[in-house]
Amino acid sequence: SRIYRIIRSGEVRVNKKRAKQTTRLAADDVVRVPPVRTSESEAPPVVSDGLAERLARARLYEDDQLFIFNKPAGLAVHGGSGVSLGLIEALRVLYPQERNLELVHRLDRDTSGCIMVARHRGFLRRLQKLMQQGGVEKRYWLLCQGFKGSERRMEAPLLKITQGNERMVRVSREGKASVTDFTLVERLGDAALVEAHLGTGRTHQIRVHSQFGGFPILGDDKYGSRKGDARLEALGHRRLCLHARSLVFRHPKSGDTIKVNAPLDDDFETILAALRSGKR
């Protein structure tokens, strides 16, 4: 973010002209970068005993190439934008012998569930290529209101926009093609537990498609509804009710089929139990 600000302020020049953040370099361009001072401290971030214990329990799968964790809700996948410590920074502290830990993909901060962390850069590239080719099946569970029927397919292009200082996503003809299949798991009165299967992997895809389809996710402060927020508050809880439930893929190295399910956390289970009780 600091480098981005330096470019935006015009301090980076290409061929003696101010560069933009979108400037593409060509061979033989001359780039001037201003002196940048930063802290010399290289002390690793501090990981609390509580977080260390949670992450130790959250490990779902491990081999010599890959970790899969059940990420807690509320933990960002990486630091930045006011977040000093994310999942990947914490793992690098907890596994100091691992030199090349890298996130394979991302989850929103308030989304819980399956996330893959590669242990080697070569394997990271192979697994990301597999994802780009549609070789990784991702399924999510969500609690929502307004879901009708037993199945819904949302095919709505998604476009990233900026509102003030906040990045958002909305349905737009100018956006990228996006497909999500929703299947009812359990009816809970006027709420529902629904499984979402991603056909594409766009930012905030499930959250925006749910909103656009008329069944916003409970506890979604960006794309949810006041009615859904009030429903959670009445139950005495407040969280985004979205969970990365499972991953299925063929291991790029061994060729084995890997199937991983992430259990719901206590908070999600408590909300489910309260909705089931209310249904009766």
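Colleague: Which helix is the place of A58 in?

Modeller: A58 belongs to helix α2, residues 49-58. Helices are DSSP runs of H or I with at least four residues, strands are E runs of at least two, and both are numbered from the N terminus. One caution: this is a predicted model, where local features need pLDDT of at least 70, side-chain atom pairs count only at pLDDT 80 or more, and totals for chains, interfaces and linings use all residues. Residues are numbered from 1 along each chain as its sequence is written, and side-chain values use heavy atoms, with hydrogens and water left out.

Colleague: Is A58 buried or exposed?

Modeller: Buried means under 20% relative accessible area, exposed over 50%, and partly exposed in between, using a 1.4 Å probe and protein chains only. A58 has 8%, so A58 is buried.

Colleague: And what does N70 touch?

Modeller: Contact means heavy atoms within 4.5 Å. Not counting residues up to four places away in sequence, N70 touches A58, L60, G113, H243, A262 and P263. N70 sits in strand β5, residues 66-71, and is buried at 15%.

Colleague: Which backbone atoms does the N70 side chain reach?

Modeller: A polar contact is a pair of N or O atoms within 3.5 Å; within protein, one must be able to donate a hydrogen and the other to accept it, and residues adjacent in sequence count only if both atoms are side-chain atoms. Here the N70 side chain reaches the backbone oxygen of P263 at 3.0 Å and the backbone nitrogen of G113 at 3.4 Å.
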